[in-house]
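Reader: Please walk me through how to read this model, one feature at a time.

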Amino acid sequence: MIRDREPIRVAMLGCGTVGTEVLRLLQDQPEEFAARTGAPMLVTGVAVRRPHKHPEVPENLLTTDAQALVEGDVDVVVELIGGIEPARSLLLSALRSGKSVVTANKALLAEHGSELYAAADESGADIYFEAAVAGAIPLLRPLRESLAGDRINRVMGIVNGTTNYILSAMDSTGAGYSETLDEAGRLGYAEADPTADVDGFDAAAKAAILASLAFHTRVTASDVHREGISGVTPGDIAAAATLDRTVKLLAICERVIDEDGTESVSARVHPAMIPRSHPLAGVGGAFNAVFVEAEAAGQLMFYGQGAGGAPTASAVLGDLVAVARNLVVEGKGPRESAHAQLPVQPMGKTPTRYHISLDVADKPGVLSQVAATFNEHDVSISVVRQQGRGAEASLVVVTHTADDAALSSTVDKIAQLPIVRDVVSVMRVEGEPT
């Protein structure tokens, strides 16, 4: 049954860079959005903390009382304030009263998604969140809907533009991490406090969302193994180049099947070397890309702008149109799919590969001692290269696949060998046959 064409009433929480663009487009193109949804969309209020800082918002829409706005006569709540509280309480209030929600809040979804989904299910409201991962890139809806009939085995991607800009610049210029981070800040690619980006928190929250959707299992940010990029050196970048690889901060979510057939989920974020032939290797600057491997669909890649006001607003508005259409026809969007309930595998049991650079003594038997240590831990070597002489002697080892714990303990044991002066760097290797 088609409802009368009264306006879809929209409450906005927050009006920063993304919110300003969402509001502008809704106000500039009312006929276009009405044609797409089947009913006009009317913004009834915009909740902000400091109204005087938002001269672009009509004064009659501004309010500092977000709770009253959510509890008012609205159909959809668009949340763009970020963080856990008060966003969590406001959205639970909206959903429990039957109001649909559109949010870009990756941190909230990664920590409290199950609570929000339960509230939506109980009241029959919709919750959409395409903008929470990879900005404008249509990614979550394909995982949530288009590939719902397929079995996804792996999702691997670049989901943070700040770190990708830094690593891309280090690769192209040979500059160090600190100076490249400073340059990213000057160009607006890095926040004044870049911790969430460079330490991997942002990517870990996104990985939790991706794993939850791809594997029909509840995965939280705390389940995701996380390492940042501050330890990546020009030496690591150069070492990767000698093997025709580049370094990227990757979010990797995959199904893992043990020898006994037990299935689990691995979710992790860390820097890794990938072959320059891999589709993700060519993703430069602040762009994002996600590589999906599914049984029937095969390999898919989603690429585009992963942040910014206009790109993220595009994803928010796409969700808003979907919610509005559901309201017009009295339908419902997709619900949470957590039926698989697979356990999350600890990082120590996750199969991976290591690239290890060693500063070694220039003596006979160095290679044999190092190889023996790998053999003791049941880790096989794929590539080994010794170069330099005297004080410049070094050894590079790339392993075959082994459990991360076995690889880590091998490195610890190697560091204790008398012939090893220093473990210069350790980095995982991804994206190629093992």
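Reader: How do strand 7 and strand 11 pair, and over how many bridges?

Author: Two strands count as paired if DSSP finds at least two bridges between them. Strands (E, at least two residues) and helices (H or I, at least four) are DSSP runs, numbered from the N terminus. Here strand 7 and strand 11 (residues 287–294) pair antiparallel over six bridges. Arg154 stands opposite Glu293 in strand 11. One caution: this is a predicted model, where local features need pLDDT of at least 70 and side-chain atom pairs pLDDT 80 or more, while totals for chains, interfaces and linings use all residues. Residues are numbered from 1 along each chain as its sequence is written, and side-chain values use heavy atoms, with hydrogens and water left out.

Reader: Which residue of strand 9 stands opposite Met156?

Author: Ile252 does. Strand 7 pairs with strand 9 (residues 245–257) in the antiparallel sense, over four bridges.

Reader: Is strand 7 mostly covered or uncovered?

Author: Start with the cut-offs: buried is under 20% relative accessible area, exposed is over 50%, and partly exposed lies in between (1.4 Å probe, protein chains only). Strand 7 (residues 152–158) is mostly covered, with six of its seven residues buried.

Reader: What is the strand order in the open sheet of six strands?

Author: Read the order across the sheet: 3-2-1-4-5-6, with parallel pairing. Strand 3 (62–63) and strand 6 (127–128) stand at the edges, each with a single partner strand, so one side of each has no neighbour in the sheet. Take strand 3: strand 2 (residues 41–47) pairs with strand 3 in the parallel sense over two bridges. Within that pair, Val46 has Leu62 as its bridge partner.

Reader: How many disulfides are there?

Author: The test is a pair of cysteine sulfur atoms within 2.5 Å. A search of the whole structure finds zero. As for burial, Cys15 is buried at 4% relative accessible area. Cys253 is also buried, at 0% relative accessibility.

Reader: Where does Asn105 lie?

Author: Asn105 sits in the loop between strand 5 (100–103) and helix 5. Asn105 counts as buried, at 3% relative accessibility.

Reader: What does the side chain of Asn105 reach at 3.0 Å?

Author: A polar contact is a pair of N or O atoms within 3.5 Å; within protein, one must be able to donate a hydrogen and the other to accept it, and residues adjacent in sequence count only if both atoms are side-chain atoms. The side chain of Asn105 reaches the backbone nitrogen of Leu108 at 3.0 Å. A polar atom of the Asn105 side chain also lies 2.7 Å from the backbone oxygen of Gly83.

Reader: What volume does the largest pocket have?

Author: On a 1 Å grid over the protein atoms alone, a pocket is an open set of points with protein on both sides within 12 Å along at least five of seven lines; a cavity is a set where a 1.4 Å probe fits but cannot get out; lining residues have an atom within 4 Å of a point. Points are joined across faces, edges and corners, and a volume is the space filled by probe spheres set on them. The largest pocket has about 1300 Å³. Its lining has 47 residues; Lys106, Glu191, Asp202, Ala307 and Gly308 lie nearest the centre. Helix 10 gives the largest share of that lining, five residues.

Reader: What classes make up the lining of the largest pocket?

Author: Nonpolar means Ala, Val, Leu, Ile, Met, Phe, Trp, Tyr, Cys and Pro; charged means Asp, Glu, Lys and Arg; the others, Gly among them, are polar. The largest pocket's lining has 21 nonpolar, 17 polar and nine charged residues.

Reader: How many cavities of 30 Å³ or more does the structure hold?

Author: Two. The largest cavity has about 50 Å³. Its lining includes Tyr128, Arg144 and Asp319. Helix 6 (residues 140–146) supplies the largest share of that lining, four residues. By class, the lining of the largest cavity has three nonpolar, no polar and five charged residues.

Reader: Which helix gives the most to the lining of the second largest cavity?

Author: Helix 5 (residues 106–123), with three residues. The second largest cavity has a volume of about 30 Å³. Among the residues lining the second largest cavity are Tyr117, Arg144 and Pro334.
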